[in-house]
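Dear colleague,

I am handing over a structure for your study. Please look through it before reading the notes that follow.

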Amino acid sequence: MEISMEQLIEHLLAELGDAGQILSHQVFAPRGARYAECSLAAEVERCVRSLGIERLYTHQVSAIEAVRRGENVLVVTGTASGKTLCYTVPTLEAILDDADSCILYLFPTKALAQDQLKGINLMASADAGVSNLLAADTYDGDTPPNRRRAVRDRANVVISNPDMLHTAVLPHHTRWMRLFSNLKYVVIDEIHTYRGIFGSHMANLLRRLRRICDHYGSRPRFICSSATIANPQELAERLLGESVTTITEDGSPRGERHFLLWQPPFIDTARLARRSSNVEATDIFTNLVEQEVQTIVFTRARIVAELIYRYGREALKKISPRLASSIMPYRGGYLPEERRAIERKLFNGELLGVTSTNALELGIDIGGLDACIMVGYPGTIASMWQQAGRAGRRERASMVILVPYENPLDQFLVRHPEYLFGAEFERAIIDPQNVYILSSHLRCASYELPLAEADMELFAEPAGDIMPLLVESGEVAQLPEGYFWSSTDYPAAEVNLRTMADNTYNIIDIADEEVVGTVDVMSAYELLYPEAVYLHAGETYFVRSLDIEQKIAYVEGKEVDYYTQAQVETGIRITKRLEEKPKEEFPGRLGLAEVEAAWKTVGFKKIRFFSMESIGWAGLDLPKQELQTVSLFMTVPPQVLSKVSAGGANPYEGLVGIKNALLAIIPLHSMCDSMDIGGVVEGGNLGEPTIFIYDRYPGGLGFAERAYGDFDQILTAVAKLIRDCDCDGGCPSCVGLIRQRGARHYDPDLDGGPLIPHKELADRMLRMMGW
């Protein structure tokens, strides 16, 4: 790239039309490096220098010294700040000090594991002594069976992920006696990703790991890294169950960064509808690629990554076949060899552009990119800066463009950039005490080793109450020595660490019976229903059938000019009220309850490529999905309902608008994804119109509870979101537009037709309540 960032912005405006798209242009000044002195063994110093590193940054030295003191360490610095050296240097030092030492690396994705294997082997190759001692290898789902025994028998650096530790290592710990007897360090990278259900599982998994290590006489120290969040130390200590030393001073340099909030223009005189964010982002992407600016596009959904790739490829074909072949999509669901090939081409500069889900957000080394486009707010401030950090590595200037969707949260944030650039980062929430999660890990732990009474202190408080229930079910037997696993089942196989679902669907092309990809069961009902159009690598596949019993979707390649979008219905029932605010604290009713939530994919829309025109709708009959969880509930005072009804308005329509805005604002207060919470308005539970906001995980994970605690602050932001929107009667940027029957969160039992979110009514009801 030869032109400056300022010239590039001028070029984009000249090509795409300057219609006020740039709502904010923030320029972050470059930052120089800060170094510190650190004494390294000659062998390790040679390895470090082979990477072109002459001096270590301050945070690297602080981390290395803390590890040498025998402390658990957490490094919280920016993307591309050299966090890897904070654990590779101690790794090499441990092996040089004691050839029997072993180190376990845990990464949240297999792609990161492969990247780290390549990196540590390259580093060690600079010194013959280190290279001879180091035996690093990956142990994950892609490791061939004939190599797994060699990893167990010979590797002193085992690079894996939590899923393999859970299902293939801890349950078979006797095969790993050498590793556990000599385990010096456990490296846990990207710990900010261990939040919600995944983090709650991870906390219990690490307690199982500590218990096995204790059994074999080792007490490893933990070396962790994290992106910036509000509570990194709290999260790390809850995950590990031990204290940590936290290092937050970032000594790495950073190039100048231009951050643009780019609003798609209105396409109607009523100013209700904007140009498609996907199409707007595609135009920016293709213009940057045409200028040979290496660019990554981050999307929030697989289908969007495929759509933008498809749109971009078609546009670039008209300019140059070479440019069209220089872009690729990247997402989960691709086969391992496909992902590795894309990563390699991006790192080598063979690709000018890639459209990706957050699969490339984490620290895979894909080289230094010039620009990053985010299609929609990524969901958290931490993710936004992680994605932004993929461009402009080291001291190179970079450009970041956020193209918001027309949903309330995105529009709120681009109209109030202080929330993006000046607000505190979100808190990562986990709940290791969730009884569904804890009981599953107690099953696994009793399978691995008998559980003694002393072990109950290692796990969360409800453990002592759960074990008698497992005895009663016949899965565990209680003897004087402790609790023994007595079932023939293999408990780890029944527990998925990452999702509510414990199974996945294979997608099979009927033309050659090859596996195209995989999705989890919840995604299957929203992506792979009969007659759905499934996008993969820019190609369209028509879903012929969905075999629910065998968990297989049969597809065939087919050229169509549309894609499909699932429509989902939701219902809710209170099973137990937990607590409620007194009247002096909230004018209506505000409380927490245990609920049973249910949702079902009832139909789908056909949407034409490019024009986004809806060209058809069809109904579906798929299984209903249910869960017991925790929900916040809110009503408005009777006098507000009376005034609204007396004026001829339907109070439900105002509440639907408030509910939609609540779903947008709550993720700003809890580090959760919008898909982690659900909402519905109904009147059957409390005998009056009620808003429910619930966790979409069995037993709940604390999101509803946190919203309940911060509700005054949240409602203040909801009122600001609604009042600051430029529209007249409601739009996707505030309370939402009219939704057709069968749309997500629509409850058909409330009245004779679909609920219409009413902006003016939502605002009036909030004002009557004091907001």
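How many bridges join strand 5 to strand 8? Five bridges join strand 5 (residues 102-106) to strand 8 (residues 183-188), and the two run parallel. Within this pair, L104 has V186 of strand 8 as its bridge partner. Strands (E, at least two residues) and helices (H or I, at least four) are DSSP runs numbered from the N terminus, and two strands pair if DSSP finds at least two bridges between them.

The model is predicted, so local features need pLDDT of at least 70 and side-chain atom pairs count only at pLDDT 80 or more, while totals for chains, interfaces and linings use all residues. Residues are numbered from 1 along each chain as its sequence is written, and side-chain values use heavy atoms, without hydrogens and water.

The open sheet has seven strands in the order 6-7-5-8-9-4-10, with parallel pairing. Strand 6 (136-138) and strand 10 (245-247) each have a single partner strand, so one side of each has no neighbour in the sheet.

The axes of helix 10 and helix 19 (residues 435-448) come within 10 Å and cross at roughly 25°; axes are lines fitted to C-alpha atoms, for helices over the stretch in contact, and angles run from 0 to 180 degrees between N-to-C directions. The two helices are therefore roughly parallel, a term for angles under 35 degrees. Among the residues that meet are L205 in helix 10 and L438 in helix 19.

Yours sincerely

Methods
Parallel < 35°, antiparallel > 145°, perpendicular 65-115°, else oblique. Contact = heavy atoms within 4.5 Å.
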